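Subject: The structure I promised you

Hi,

Here is the structure we talked about, with the sequence alongside. Have a look around first, then read on for what turned up.

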Amino acid sequence: MFHIFLSLVFMTGNALADNSLMTFMRESDQQKQIMVANSDGTNVRAITTGRFWHLYPAISPNGVEVTYVSGEDGSNLHLVTKPLMQNGATEQWTLDSQKGLILHPSYSGNGDLIGYSAPASGVNQITYFNMRKTRLTAPKSDIMTPEGPRIAYRPEITVVNSPYPSFFPNFSSY
């Protein structure tokens, strides 16, 4: 009897500036999970589990958390931030006006801003919000998802409008 296992690894994540940790997406058996590992490939561990899609991980500049895209399918994606250590709350950034193809989260150098690509005016645009300010000032609520409890925020977003689809935000030094 032969068993064939297919596992694809996508390096859509990033690494810390000191090259101590990296994140990536692993796809196998209809699942897309976020993984973290030491930069030398040791200590590989799953950050996510379950049937939801988990895509495009970005590790925070201080190495404390990872933000990624999550959802049941490609039409209902949202941003999620999860601590890399076992303690701490998982956060969901509720983007009511931006349903659909939310892609490629990226932290600013100081970790205050999170940028991503999301639907706006019919095409994906670069969008960002101040994560630190939102955590301090925005109303929050506890929600239950199929993957467990989360703290939900509704951040004030800024859209960088362009007549063309825009992807892959990258903050240089802010």
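**What turned up**

Take the contacts in the chain between residues at least 6 apart in sequence: 42% of them join residues at least 24 apart. Keep in mind while you browse that this is a predicted model.

**The chain as a whole**

The secondary structure comes to one helix and 14 strands. The chain has 174 residues, and 45% of them count as buried. It exposes about 9,800 Å², with carbon and sulfur atoms supplying 55% of that area.

How confident is the predictor? The average pLDDT for the chain is 81, and 86% of the residues score at least 70. Among the elements, strand E9 (residues 103–107) has the highest mean pLDDT, 92, while strand E1 (residues 7–10) has the lowest, 41.

**A four-stranded sheet**

Next, find the open sheet built from four strands in the order E9-E10-E11-E14, with antiparallel pairing. E9 and strand E14 (158–160) are the edge strands; each has a single partner strand, so one side of each is left without a neighbour in the sheet. From one strand to the next, the twist averages 30°. As a bit of background, strands of a sheet pair through backbone hydrogen bonds, either parallel or antiparallel.

You can walk across the sheet pair by pair:

- E9 and E10 are antiparallel and share three bridges. Tyr-107 sits opposite Ile-114 in E10. The hairpin of these two strands has five residues between them, and Gly-111 takes a positive phi near 80° there.
- E10 and E11 run antiparallel too, joined by eight bridges. Opposite Pro-119 you'll find Asn-124 in E11. Their hairpin has two residues between the strands, and Ser-121 in the turn has a positive phi of about 55°.
- Strand E11 (residues 123–130) and E14 are antiparallel, with three bridges. Here Thr-127 has Val-159 in E14 as its bridge partner.

Is E10 largely enclosed or open? Seven of its eight residues are buried, so E10 is largely enclosed by the rest of the structure.

**The nonpolar cores**

Which residues touch the most other members of the largest nonpolar core? That core has 18 residues, and the ones in question are Val-69, Leu-79, Trp-93, Ile-102, Tyr-116, Phe-129 and Met-131. Strand E5 (53–59), strand E7 (77–83), strand E10 (113–120) and E13 are the elements that give two or more residues to this core. E10 supplies the largest share, three residues.

Apart from this core lies another one, made of nine residues, including Leu-21, Ile-34, Val-36 and Tyr-68.

Leaving aside neighbours within four places in sequence, Phe-129 is in contact with Leu-79, Trp-93 and Tyr-116, among others. Its contacts also include Asp-112, Leu-113, Ile-114, Thr-134, Pro-155, Glu-156 and Ile-157.

**Another hairpin**

Strand E12 (residues 140–145) and strand E13 (residues 148–153) run antiparallel and are joined by six bridges. The hairpin between them goes through two residues.

**Two phenylalanines worth a look**

Start with Phe-52, in the loop between strand E4 (45–46) and E5. Is Phe-52 buried or exposed? Its relative accessible area is 4%, which is under the 20% cut-off, so Phe-52 counts as buried. Once neighbours within four places in sequence are left aside, its contacts are Lys-32, Ser-70, Gly-71, Glu-72, Pro-146 and Glu-147. Phe-52 and Glu-72 are 20 residues apart in sequence, with 4.7 Å between their C-alpha atoms.

Then go to Phe-171, in the segment after E14. Phe-171 and Leu-113 are 58 residues apart in sequence, and their C-alpha atoms are 8.9 Å apart in space. Beyond neighbours within four places in sequence, Phe-171 is in contact with Ser-106, Tyr-107, Ser-108, Gly-109, Leu-113, Ile-114, Gly-115 and Tyr-128.

Happy browsing!

Definitions and conventions
Residues numbered from 1 in each chain as written. Predicted model: local features only at pLDDT ≥ 70, side-chain atom pairs only at ≥ 80, totals over all residues. Heavy atoms only, no water. Pairing = 2+ DSSP bridges. Core = buried A, V, L, I, M, F, W, Y, C linked by side-chain atoms within 4.5 Å. Buried < 20%, exposed > 50% of the residue type's maximum accessible area, 1.4 Å probe, protein only. Contact = heavy atoms within 4.5 Å. Areas by Shrake-Rupley, 256 points an atom, 1.4 Å probe, with all protein chains shown as cover. pLDDT = per-residue confidence, 0-100. Axes fitted to C-alpha atoms, helices over the stretch in contact; angles between N-to-C directions.
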